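I opened a new notebook page for this chain.

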Amino acid sequence: MDDYANIWLHRAKWAYLLLIVATLMSPVFYVMYISFNENGFGAAQYVFTTRWYGLIFSDGQLMDALRWTLGLAVTTTVLTIPMGLLAAKFYKATRAKVAVVFLLLAPLFVAPDILSAALLVFFKNVNLSFQGLGDLAGVSLMDAWFRLGFTTTVIGLIIYTIPYAFVVILITMGRYNKEQTEAARACGATGWRAFWDIEFPQIRAGVFSASAFTMILCFNEYTRTSLLKGGFDTFTTVLVSQMLNEGMSEQSYAMSSFVSFVAIALIGGIIVFTLLRSEAAARRAQPVAEPNTVPA
């Protein structure tokens, strides 16, 4: 059925899609709305201002938490995306596809608080074991290897994000024809050159999307980071702590909106980039008209 046969049906589909997006994004838009209020949340009078956005960088607690969160997000993304890519390539090559999918998606079926508590107990026991080994060897090098902190939080975030990265990259790889890699290898290309020159340009939209998705997941995660982070604060833990105590400050609303603006711009940029590349590829794939020939 042609989607454009009935223009009103086509418009109704788009209206329905936009309604769903607006419904899902309404809490974010409301936070943005509050962030421009001079009187803050719950005020009877709304006075538009951008003053709070100028003050967010002077809030030491928020900036410190943002730095820790950004470090966790970047480190997790750098480690997770290659793992997800390798897992997707292994899935395409193996016959045990059900087992691979089950192992990679298993973390999604465990409640976040249960999995985080299990990792907490695991890291504490592993750290005690390494401390015992260090005491026997007379060295203190291994005492802090698995102490709760940045490393344990990154491990927890990798376990959390790798299923999403795997699925996003795998969907993009579904359009790739592996015979292209075989043809490149037959022409003398190494495995790496065949991947980088032939396969990666066709799946990089999925890789970039998975990277952006992983970054956003790390910024939004609270349960795992709060149990595994040790002695530092992340962006979400600061916001939750404020809400449970004195309430979020005006700078916190502005910072939340700023992060949301960046996330929306990032995802929107990837979507636009993907659509433009798809349109360009479609144009290149169109048959070229044969030049007019004059019979001899």
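**Burial and overall form**

I began with burial: buried residues make up 34% of the 296 residues in the chain. Buried means under 20% relative accessible area with a 1.4 Å probe, counting protein chains only.

I noted that this is a predicted model, where local features need pLDDT of at least 70, side-chain atom pairs count only at pLDDT 80 or more, and totals for chains, interfaces and linings use all residues. Residues are numbered from 1 along each chain as its sequence is written, and side-chain values use heavy atoms, with hydrogens and water left out.

I checked confidence next. The chain averages a pLDDT (the predictor's confidence in each residue, from 0 to 100) of 84, and 93% of the residues score at least 70.

I looked up the span: the C-alpha trace covers about 90 × 65 × 30 Å along its principal axes.

**Helices**

I found eleven helices and zero strands. These are DSSP runs, numbered from the N terminus: helices are H or I, at least four residues, and strands are E, at least two. Mean pLDDT is lowest in α11 (residues 250-285), at 77, and highest in α6 (residues 150-173), at 92.

**Cores**

I then asked which residues have the most contacts inside the largest nonpolar core. They are F235, M255 and V259, in a core of 26 residues. Such a core is a set of buried Ala, Val, Leu, Ile, Met, Phe, Trp, Tyr and Cys residues joined through side-chain atoms within 4.5 Å. Helix α3 gives the most to this core, with six residues.

Apart from this core lies another, of 19 residues, including V100 and F200.

Conventions:
Buried < 20%, exposed > 50% of the residue type's maximum accessible area, 1.4 Å probe, protein only.
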